[in-house]
Amino acid sequence: MSPEDEGEYFVHWRWETCEMFIDRCFQDYIWIIMIDSSGIFWDNDSLAALLALELQADLLVLLSDVEGLYSAPPGEPHSKIIHTYIKERHQGEITFGDKSRVGRGGMTAKVKAAVYAASAGTPVVIASGFATNSIVKVLQGERIGTLFHQDAHLWALPKEVGPREMAVSARECSRRLQSISSEDRRKILLDIADALEANEKLIRIENEADVAAAQQAGYEKSLISRLTLKPGKILSLSKSIRILADMEDPIGHVLKRTELADGLVLEKTSCPLGVVLIVFESRPDALVQIASLAVRSGNGLLLKGGKEAMRSNAILHKVITGAIPDTVGEKLIGLVTSRDEIPDLLKLDDVIDLVIPRGSNKLVAQIKESTKIPVLGHADGICHVYIDKSADMDMAKCIVLDAKIDYPAACNAMETLLIHKDLLNSEGLNDLVVELKGEGVTLYGGPRASIAFNIPRAHSFHHEYNSMACTVEIIDDVHAAIDHIQHYGSAHTDCIVAKDLEVAETFLCQVDSAAVFHNASTRFCDGARFGLGAEVGISTSRIHARGPVGVEGLLTTRWILRGSGQVVDGDKEVVYTHKNLPL
């Protein structure tokens, strides 16, 4: 079997011989145990291997309570999965841990059975019995689990750069990036901006290929909209990178200076987090923003984009890393191309310092459940605009139309419009509803609005459309609006349109979202528009960073103490002053 056929097997069981063979196994069971003292047939895995050989099966799948065979017990920091077992290479490298929680033999027995069956001509895959559709994925040729094959030692397998190696390389490169001068880091960003503009045509070609494939595959319009690099987008991204390059260098910035005692000065300084993993969907422009922020903040970066943007991400990664000098290393920014590597990456809490998922609620939830690494991000972008009875309706109309229509697929687009009850039947509100419909926005109503405007009932208030649609509801006052947002919102961005400053201040103080606006479109919640240069995402978390996350969100702090020979010695000789010093 050729390397291209690796894992692509179809099982053709000879069921007509199965019953006869099992009967023979039971008849000879005592004989098997007595004759084969090595224990090859002592457990279910070994019996399965014997059965597969007797039936001349095309494939044997052994299910385990872990994803496959690891180089060491899976819980250990440096353990990594072995996708193709080569006896000559791996036999002496593997350290087995405790036996399985279920069954008798554990991984040791599975490997023995797999080696026995594979050497006799039946390929074997050890995969997780707890993962969804493991057997189906194996039969479809997906790279999951560990493959055993009698010809594996002949295959010219490419040297695998595993997730750990990628993360370690990114950290090493980030340390070199931190060691060069601020001007040299600035020059890297300018070179990246120039390289993007110089390769715009090639980038557009690859992006158009992704868009065409997505359209042919029947993806939703909102996803295709996010996937598309519209005319002028590369120039806009390059401009943002140059703005970022001209910002104050954030690395080593002294945040606080304190004299602890005479001749003993403590400094609190900013420093990079280390290595950041970003998992994002269908947004190739996000790759550019994130990469530029990583360079500016001195962080190593691992990127995993959606398969729908594979070609766009690949060319953008190639252009950007090509502009990074050898003194730093192109491995500063790694592009993860296989979804299979994500579970391994999420286990690397000793070398990856932060995970930022940008995508669906399902994606964010899955990542949070699968890792010990801190996770920063938001799941939904259910943004509200509340029109108070005191609002200037011409202003309200402009804000609502912009918040919904400017870019409906964005996470900061309005998804719910809340209207004060006193505005019902007013000319300004009627004009707004007519204009929304005229622009092609489909309106869904809550219990009150569906009757008032004769529109379909919304199935849920907690819903992100990401399209030309929104929910409308009538509420009693600003306090009802606040309660509605706290109950159904996603703590992303919410806005009030009002002339009454007391009402507006109540809204601004009591709505507990990452960004709260008065008389301004929710679309302003954006790193570039906030003057951050770019953003890695918008966080609705309450720890570390909140709202649009720019350079500062990728930094942490450390303490530098400068002394002149002081020792503690029970604090006998130290006179503490704890005096704040100028920066």
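Student: Which domains supply the lining of the largest pocket, with at least three residues from each?

Tutor: Keep in mind that this is a predicted model. The lining takes at least three residues from domain 1 (8-156) and at least three from domain 2 (163-369).

Student: What makes a residue part of that lining?

Tutor: A lining residue has an atom within 4 Å of a point of the pocket. In the largest pocket, which holds about 1,600 Å³ of space, 46 residues qualify, and the closest to the centre are Arg339, Asp340, Ile342, Pro343 and Gln366.

Student: Which element gives the most to the lining of the largest pocket?

Tutor: That is α15, with five residues. The elements that each supply at least two are β3 (124-128), α6 (134-139), β7 (275-280), α13 (310-322), α14 (342-345) and α15 (361-370).

Student: How do the residues of this lining divide by class?

Tutor: There are 19 nonpolar, 14 polar and 13 charged residues.

Student: Why is threonine 122 called buried?

Tutor: Set the value against the cut-off: buried means under 20% relative accessible area. Threonine 122 has 3% relative accessibility, so threonine 122 counts as buried.

Student: Where is threonine 122 found, and in which loop?

Tutor: Threonine 122 is in the loop between α5 (106-119) and β3. Beyond its neighbours within four places in sequence, threonine 122 is in contact with Ala52, Leu53, Ala57, Leu59, Leu60 and Ala117.

Student: How many of the 583 residues count as buried, as a percentage?

Tutor: The share is 51%. The protein exposes about 28,600 Å², of which carbon and sulfur atoms supply 52%.

Student: What share of the contacts between residues at least 6 apart in sequence join residues at least 24 apart?

Tutor: That share is 72%. As for the secondary structure, the protein has 20 helices and 20 strands.

Technical notes:
Residues are numbered from 1 along each chain as its sequence is written. This is a predicted model: local features need pLDDT of at least 70, side-chain atom pairs count only at pLDDT 80 or more; totals for chains, interfaces and linings use all residues. Side-chain values use heavy atoms; hydrogens and water are left out. On a 1 Å grid over the protein atoms alone, a cavity is a set of points where a 1.4 Å probe fits but cannot get out, and a pocket is an open set with protein on both sides within 12 Å along at least five of seven lines; lining residues have an atom within 4 Å of a point. Grid points are joined across faces, edges and corners, and a volume is the space filled by probe spheres set on the points. Helices (H or I, at least four residues) and strands (E, at least two) are DSSP runs, numbered from the N terminus. Ala, Val, Leu, Ile, Met, Phe, Trp, Tyr, Cys and Pro count as nonpolar, Asp, Glu, Lys and Arg as charged, and the others, Gly among them, as polar. Domain bounds come from an automatic or database domain assignment. Buried means under 20% relative accessible area, exposed over 50%, partly exposed in between (1.4 Å probe, protein chains only). Contact means heavy atoms within 4.5 Å. Accessible areas come from the Shrake-Rupley method with a 1.4 Å probe; for residues, only the protein chains shown count as cover.
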